[in-house]
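This report walks through one structure for a reader who has not seen it before. Please keep the sequence and the model in view while reading.

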Amino acid sequence: TLSSSSAASDVYKRQGETVLVWDTDINDRSNRNDTSNGRIYFDEDGVHTVTAVVEMAANATGRRELVLAYNGTVIQESRVRMLGDATGTNPRLLLVFDVLGVANEYVDVRAYQNTGGILKADMAKSFVSVTKVADA
């Protein structure tokens, strides 16, 4: 199991789909998390469950999304969406998806919004976990 979060208290300030970078390893014995670009490498072949929880800034309109990419290609079936919420509450999006991974290939988690200006994902309140659950 790999678990990573981010010590950053700042937010992403980009529009469009953005790769999230996890700069703090909670449990990464195989050194699989690249803290510079958000890539999480598989250390062996098999089925891996990827879990990501990301806190986004409140947005009364549009939608927020998380999606998983494998070797840079978005897996559309993994996409989770939340519609706008006028309550002012910062929503947390949950993505859980199984990937048939190959050793030395990677996944990354991406966030997206379609309205509301800059993307604000509070990485200090977010995490990702990758766990091998079965052999290939």
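Does Arg79 count as buried or exposed? At 19% relative accessibility, Arg79 counts as buried, because the cut-off for buried is under 20%. The model is a predicted one.

## Arg79 and its partners

Arg79 takes part in a salt bridge with Glu65, where the closest N and O atoms are 2.5 Å apart. This pair links distant parts of the chain, with Arg79 in strand 7 and Glu65 in strand 6, 14 residues apart. Glu65 counts as buried, with a relative accessibility of 2%.

Arg79 also forms a salt bridge with Glu17; here the closest N and O atoms are 3.6 Å apart. Again distant parts of the chain are linked: Arg79 belongs to strand 7, while Glu17 sits in the loop between strand 1 (2-5) and strand 2 (18-19), 62 residues apart. Glu17 has 35% relative accessibility and counts as partly exposed.

How many salt bridges does the structure hold? There are nine salt bridges. A network of salt bridges links Glu17, Glu65, Arg79, Arg81, Asp108 and Arg110.

Asp135 and Lys132 form another salt bridge, with their closest N and O atoms 2.8 Å apart. Asp135 is exposed, its relative accessible area being 61%. Lys132 counts as partly exposed at 28% relative accessibility.

Strand 6 (residues 63-70) pairs with strand 7 (residues 73-83) in the antiparallel sense, over seven bridges. Within strand 7, Leu83 is the residue that stands opposite Arg63.

## The nonpolar core

In soluble globular proteins, nonpolar side chains tend to be buried together. The largest nonpolar core in this model has 22 residues. Leu20, Trp22, Leu66, Leu68, Val99, Val107 and Val109 are those with the most contacts inside this core. The elements that give two or more residues to the core are strand 5 (46-56), strand 6, strand 8 (92-101), strand 9 (106-113) and strand 10 (121-134).

What does Leu66 touch, not counting residues up to four places away in sequence? Its contacts include Leu20, Ala52, Val54, Val80, Leu93, Leu95, Val109 and Ala111. Leu66 also touches Ser78, Arg79 and Arg110. Two of these, Arg79 and Arg110, belong to the salt-bridge network described above.

## Aromatic pairs

A search of the whole structure finds two aromatic pairs. One of them is formed by Tyr41 and Tyr106; this pair is tilted, with 5.5 Å centre to centre and 55° between the planes. Tyr41 lies in strand 4 (residues 40-41) and Tyr106 in strand 9, so the pair ties together parts that are 65 residues apart in sequence.

Tyr41 counts as partly exposed, at 26% relative accessibility. Tyr106 counts as buried, at 11% relative accessibility.

Methods: Residues numbered from 1 in each chain as written. Predicted model: local features only at pLDDT ≥ 70, side-chain atom pairs only at ≥ 80, totals over all residues. Heavy atoms only, no water. Pairing = 2+ DSSP bridges. Helix = DSSP H or I, 4+ residues; strand = E, 2+ residues; numbered from the N terminus. Core = buried A, V, L, I, M, F, W, Y, C linked by side-chain atoms within 4.5 Å. Buried < 20%, exposed > 50% of the residue type's maximum accessible area, 1.4 Å probe, protein only. Contact = heavy atoms within 4.5 Å. Salt bridge = Lys/Arg side-chain N within 4 Å of Asp/Glu carboxyl O. Phe/Tyr/Trp six-rings, centres within 6.5 Å; stacked < 30°, edge-to-face > 60°.
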